[in-house]
Amino acid sequence: MVEPLPSTLPWLAQPLRQALATARSHALLVQGPAGVGQFDLALLLAQSWLCEQPQEHAACGQCPSCHLFHSHTHPDFQLLVPEALRESLGWGAAEAEGAAEPKASKTKPSREIKVDAVRAMLSFAQATSARGRAKVVVVYPAEALNTVAANALLKTLEEPAGQLRFVLASSAPESLLPTIRSRCQPVPLGLPARAASLQWLAGQGVDAAEVLLDAAGGRPQEARDWFEAGLRANAWLQLPQRLARGESAALTDWPQPRAIDALQRLCHDLLRRAHGAPPTYFPPESLPSPRLSAPLHQWDAALRQAARHADHPLNAGLLMESLFAQGQQALRAASPRRAA
Ligand SMILES: [Zn+2]
């Protein structure tokens with residue numbers, strides 16, 4: 001027996017069934033929060049449409065087409081993703097043709113889906129189907145299409161030749177060109193049920209999954225990624241206290257964007273508590289008693305600013321030091337008696 005897809009996430013079965021049953025358009029747009037399996041759902045849809053013995057609710061996982069799909073060599077499938085993501089999505093090697101040029105070794109892989117990639121896909125779109133069934137293009141994340149690339153995609157998206165189908169996936173659909181959005185049938189994909197997420201995380205070997213799932217805002221894939229990057233539940237629970245004590249070592253091992261993200265979540269929770277709302281990412285008992293203060297608002301603003309430039313910091317060390325010091329101040333202002 002071959003599994004439909006090795007990476008299948010159990011909570012996708014229902015959305016997959018639903019999308020297969022209700023798809024009327026040749027272009028679907030999977031949309032919702034990141035970290036819950038958008039890309040996986042897009043692949044499952046593609047595999048189901050390409051499958052030569054499709055089951056009622058999914059691909060069979062065993063026909064020649066499914067085998068080609070698993071080995072990333074299906075001639076009627078094309079994947080449009082930014083070069084910078086290809087590897088981490090597990091589609092690095094097989095897709096090398098036309099994508100990897102030797103000169104790319106010196107330049108940073110792009111975070112955009114560029115027009116060259118779309119043009120290459122357009123010639124795929126014109127060709128007849130190699131296996132006589134559908135042809136499928138997955139675009140992920142769709143917001144990575146730059147404007148030129150998005151415009152190049154429009155006409156084919158509107159009038160695809162033959163059996164061509166598209167699945168776009170985006171966690172920022174509002175940032176897509178309205179003309180792209182209007183050509184796609186939306187497929188909403190929300191947060192999975194907590195129990196399903198926890199069960200899956202346990203199967204992935206994630207300890208204290210409850211804490212990390214909360215830290216990730218209920219997004220199981222993100223919780224798994226944080227765990228794999230080295231975050232442990234204890235470190236997360238201790239972060240507010242260590243920050244208040246000025247222990248900047250609390251975050252030094254982390255890649256900068258992730259460290260800024262963690263501080264943003266802490267700041268977010270402090271603001272929520274100060275407004276009388278329950279925290280989202282930390283258990284209430286791990287947070288100081290909240291109070292709105294100028295340092296808290298300044299920290300919030302500084303973190304937003306830093307997050308916008310997290311990929312191109314001028315001086316990463318200095319920036320983190322400053323964000324940390326501001327956070328310490330904010331926490332002290334939040335609970336004056338506790339800081340010492
Ligand atoms: Zn099949």
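Which residues are the protein donors of the zinc ion? They are Cys51, Cys60, Cys63 and Cys66, each through SG, at 2.3 to 2.4 Å from the ion. A donor here is an N, O or S atom within 2.8 Å of the metal, or 3.2 Å for Na, K and Ca; water is not among the atoms, so sites may look incomplete.

Before I go on, the conventions. This is a predicted model, in which local features need pLDDT of at least 70 and side-chain atom pairs count only at pLDDT 80 or more, while totals for chains, interfaces and linings use all residues. Residues are numbered from 1 along each chain as its sequence is written, and side-chain values use heavy atoms, with hydrogens and water left out.

Along the chain its donors follow the spacing C-x8-C-x2-C-x2-C. The arrangement is tetrahedral because the 4 donor atoms subtend angles of 101 to 116°. For four donors, tetrahedral requires all angles to lie between 85 and 135 degrees. Buried means under 20% relative accessible area, exposed over 50%, and partly exposed in between, with a 1.4 Å probe and protein chains only.

Next, the sheet. It is open, has 5 strands in the order β2-β3-β4-β1-β5, and its pairing is parallel. The edge strands, β2 (77-80) and β5 (185-188), each pair on one side only. On average, neighbouring strands are turned by 20° against each other, direction ignored. That angle is taken between axes, which are lines fitted to C-alpha atoms, for helices over the stretch in contact; angles run from 0 to 180 degrees between N-to-C directions. Strands (E, at least two residues) and helices (H or I, at least four) are DSSP runs, numbered from the N terminus, and two strands pair if DSSP finds at least two bridges between them.

Take β1, residues 27-31. It runs parallel to β4 (164-170), with 5 bridges joining the two, and parallel to β5, with 4 bridges. Leu29 shows both sides: it stands opposite Leu168 in β4, and its bridge partner in β5 is Pro186. Of the 5 residues in β1, 4 are buried.

Now some backbone geometry. As background, most residues other than glycine have a negative phi, and most peptide bonds are trans. The bond from Tyr140 to Pro141 is cis, with omega near -20°, and Pro141 sits in the loop between β3 (135-139) and α6 (147-158). His72, in the loop between α3 (64-70) and β2, has phi near 60°. Its relative accessible area is 22%, so His72 is partly exposed. Ala208 has a positive phi of about 45° and is found in the loop between α8 (194-203) and α9 (209-215). At 38% relative accessibility, Ala208 counts as partly exposed.

How many cavities of 30 Å³ or more does the structure hold? The count is 1, and the largest cavity has a volume of about 50 Å³. Its lining includes Leu231, Trp236, Arg242 and Trp254. On a 1 Å grid over the protein atoms alone, a cavity is a set of points where a 1.4 Å probe fits but cannot get out, and lining residues have an atom within 4 Å of a point. Grid points are joined across faces, edges and corners, and the volume is the space filled by probe spheres set on them.

Terms used: Four donors count as tetrahedral if all angles lie between 85 and 135 degrees; four count as square planar and six as octahedral if opposite donors are over 155 degrees apart and all others between 65 and 115; anything else is irregular. On a 1 Å grid over the protein atoms alone, a cavity is a set of points where a 1.4 Å probe fits but cannot get out, and a pocket is an open set with protein on both sides within 12 Å along at least five of seven lines; lining residues have an atom within 4 Å of a point.
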